[in-house]
Amino acid sequence: MTSDELRLSQIGMKARSPEGHAAKGMQIKGHEDIWVDIQTHTFKNWVNEHLKSVGLHVEDLAKDLADGTKLCALVEILQKRKLKFWIRKPTNQHQFLENVTCALNAINEDGIKLVNIGE
């Protein structure tokens, strides 16, 4: 276990209820960076759990979702339907943007509101 993973694990234990199965209120003032790390780690695990069914994996959210291929695959998994059009092997930034736009449009069509919690 790396030092970052150990730090997140220790902080995560503080956020658990005494029973260990639910989050409790945690004072984050002054520890916002740690809270963002916890949320990022949790979201990455959630994404990987879904992508596992199609043999994909994410290590770094920003880098691995940048070309939109894994994002489109995730949206297809969550919506249980194929997206109309996305480029499975994009070669340039324009195609990356097309893929991300395709995924975001599909999410928007479902009426899901996206919020930004990070930087």
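Which side chains meet in a salt bridge at 3.2 Å, N to O? After that, please take me closely through helix H5 (residues 93-109) and its surroundings.

Analyst: The salt bridge you ask about joins the side chains of Glu-49 and Lys-52, at 3.2 Å from N to O. Glu-49 and Lys-52 are both exposed. One caution before we go on: this is a predicted model.

Now the setting for H5. The protein chain has five helices and zero strands. Along the sequence, the pattern reads α-α-α-α-α. The protein chain has 119 residues, and 28% of them count as buried. Its accessible surface is about 8900 Å², with 56% belonging to carbon and sulfur atoms. Take the contacts between residues at least 6 apart in sequence: 39% of these join residues at least 24 apart.

Next, H5 itself. Helix H5 runs over residues 93-109, which makes 17 residues. From first C-alpha to last, H5 reaches 24 Å, close to the 24 Å expected at 1.5 Å a residue. Look at the start of H5. There, a side-chain oxygen of Asn-92 comes to within 3.0 Å of the backbone nitrogen of His-94. Now look past the other end. Gly-111 follows H5, and its phi is positive, near 75°.

Which residues of H5 are buried? They are Gln-95, Asn-99, Cys-102, Ala-103, Ala-106 and Ile-107. These residues cover an arc of only 130° around the axis, so they sit on the same side of H5. Turn to the other side of H5. Gln-93, His-94, Leu-97, Asn-108 and Glu-109 are exposed there.

What do the buried residues of H5 pack against? They pack against helix H4 (69-79). Leu-71 has its place in helix H4. Its relative accessibility is 16%, and the cut-off for buried is under 20%, so Leu-71 counts as buried. Leaving out residues up to four places away in sequence, Leu-71 touches Leu-65, Val-100 and Ala-103. Take the pair Leu-71 and Ala-103. They are 32 residues apart in sequence, but their C-alpha atoms are 6.6 Å apart in space. Ala-103 is one of the buried residues of H5.

Charged pairs come next. Side chains of opposite charge can pair when their charged atoms come close. The whole structure holds four salt bridges. Are the two partners buried or exposed? Glu-109 counts as exposed, at 54% relative accessibility. Arg-81 is partly exposed, with a relative accessible area of 34%.

Another salt bridge links Arg-88 with Glu-76, where the closest N and O atoms are 3.9 Å apart. Arg-88 lies in the loop between H4 and H5, and Glu-76 in helix H4, so the pair ties together parts that are 12 residues apart in sequence. Glu-76 counts as buried, at 10% relative accessibility. Salt bridges with shared partners also join Glu-76, Lys-82 and Arg-88 into one network.

Technical notes
Residues numbered from 1 in each chain as written. Predicted model: local features only at pLDDT ≥ 70, side-chain atom pairs only at ≥ 80, totals over all residues. Heavy atoms only, no water. Helix = DSSP H or I, 4+ residues; strand = E, 2+ residues; numbered from the N terminus. Buried < 20%, exposed > 50% of the residue type's maximum accessible area, 1.4 Å probe, protein only. Contact = heavy atoms within 4.5 Å. Areas by Shrake-Rupley, 256 points an atom, 1.4 Å probe, with all protein chains shown as cover. Expected span 1.5 Å × (residues − 1). Arc of directions from axis to C-beta. Polar contact = N/O pair within 3.5 Å; in protein donor to acceptor, adjacent residues only side chain to side chain.
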